[in-house]
Every structure is written in structure tokens, then in C-alpha cells.
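Me: I would like to go through the terms used for this model and the values behind them. Please set each value against its cut-off.

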Amino acid sequence: MLKTIRWESIFPFILVILMLATRIPLITSDYFKADGDEAIVGLMAKEIVDHGDFKVYFLGQQYGFVTFETSVSALAFEIFGVNAYALKITMLFLWVAGGLFLYYAIKNSSGPRAAIIFALTLAVCPAWGLWSLKARGGYITAWLFSCIIAWFLSIIYNNPGKRLLGYW
């Protein structure tokens with residue numbers, strides 16, 4: 001017999017599609033260009049591709065942890081070439097990954113209904129429209145790692161006596 005598919009089991013896939021689909025008007029716009037800060041992140045990623053030159057901080061600064069964003073962008077440059085689409089779409093995928101971790105954190109803490117409502121609101125929130133595509137030198141990294149930490153904390157909070165992923 002065929003088992004009925006539960007809404008919660010397919011929602012993460014639907015969420016990813018929705019998060020990507022709501023950015024299509026921005027991606028196909030004539031204004032889809034890298035700004036100055038994004039160009040610097042792209043230049044730093046190109047330096048990784050060309051010379052293996054990894055920088056920890058934003059070029060010329062003593063702050064702004066960019067190693068993660070530039071490394072992932074360098075990988076995208078290797079695969080798709082050096083262009084604004086490779087840079088910005090890579091940031092979008094990092095933002096979507098953060099959204100999924102946050103969805104699972106809320107699902108662990110408050111249940112599937114609250115997680116679905118929150119995730120749908122996040123996916124269509126206009127404030128995240130442009131910022132989910134921007135390689136600004138650490139903002140997407142902070143978003144992603146904050147969401148991962150929230151997910152880990154939701155597991156620890158809901159399973160106080162159990163080991164987390166078999167390590168603790």
C-alpha cells in the first residue's frame with residue numbers, strides 16, 4: 001500500500017523551491033549587478049582561484065570575517081566562471097541553507113505548524129529579497145552559522161539527557 005505523504009515531510013523541499021522562486025524577479029532584473037563590497041568579495045574569491053590567497057578579513061580591513069564566503073564563491077567561480085551570477089547565486093544558496101536550519105530549529109522547539117508559518121514568512125519577506133543575494137563580507141556567514149547554532153541548541157534543549165549527533 002502507498003503511504004500517505006505528510007505535509008511536514010515534503011515542506012523543506014517546497015521551502016527551498018519557494019525561497020529560490022521568490023528571488024527569480026531579482027535575478028532576472030537588469031539591475032542584477034554586484035555592488036562595490038560584493039565586487040571586493042568577488043575579487044578576493046578570484047585571488048583564491050588564481051593564487052590560493054586566502055584572506056581572513058575583508059580586504060584592507062581588520063574586521064569582517066570573509067573566509068567562508070570567499071571560499072564558497074571561489075568554488076563557484078571554478079565551476080561557473082568569474083561572474084556576478086556565480087557570486088550572488090552562491091550567497092543565495094547559503095542563505096537558503098540557513099533558512100532550512102532555522103526551519104528545523106523552530107520545528108524542534110515549537111512544532112511543525114509554527115516552523116511552517118515562520119519559514120513561509122521568511123521566504124517571502126521583502127527585507128530579505130536583496131540581502132539574501134548579497135556577498136557583503138560576512139553577513140550571510142553570520143546568518144548561516146547563527147541558524148546552525150539555533151538548530152544545535154534546539155536539539156540540546158529538546159533532548160537534555162541524550163547525546164547530540166553521537167558526539168556529546
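This is a predicted model: local features need pLDDT of at least 70, side-chain atom pairs count only at pLDDT 80 or more; totals for chains, interfaces and linings use all residues.

Me: Where is the place of Phe 65?

Reply: Phe 65 lies in the loop between H3 and H4, where helices are DSSP runs of H or I with at least four residues, numbered from the N terminus. Residues are numbered from 1 along each chain as its sequence is written, and side-chain values use heavy atoms, with hydrogens and water left out.

Me: Why is Phe 65 called partly exposed?

Reply: Its relative accessible area is 43%. Buried means under 20%, exposed over 50% and partly exposed in between (1.4 Å probe, protein chains only), so Phe 65 is partly exposed.

Me: Which residues make the nonpolar surface patch?

Reply: Val 56, Tyr 57 and Phe 65 make this patch of about 280 Å².

Me: What makes the largest nonpolar core?

Reply: The core has 36 residues, being buried Ala, Val, Leu, Ile, Met, Phe, Trp, Tyr and Cys joined through side-chain atoms within 4.5 Å. H5 gives the largest share, 10 residues.

Me: Which residues is Met 19 in contact with, leaving aside its neighbours within four places in sequence?

Reply: Trp 95, Val 96, Gly 99, Leu 122 and Ala 123, contact being heavy atoms within 4.5 Å.

Key:
Helices (H or I, at least four residues) and strands (E, at least two) are DSSP runs, numbered from the N terminus. Patches are made of residues with over 30% relative accessible area and no salt bridge: like charges are joined within 9 Å, nonpolar side chains (Val, Leu, Ile, Met, Phe, Trp, Tyr) within 5 Å. Accessible areas come from the Shrake-Rupley method with a 1.4 Å probe; for residues, only the protein chains shown count as cover. A salt bridge is a side-chain nitrogen of Lys or Arg within 4 Å of a carboxyl oxygen of Asp or Glu.
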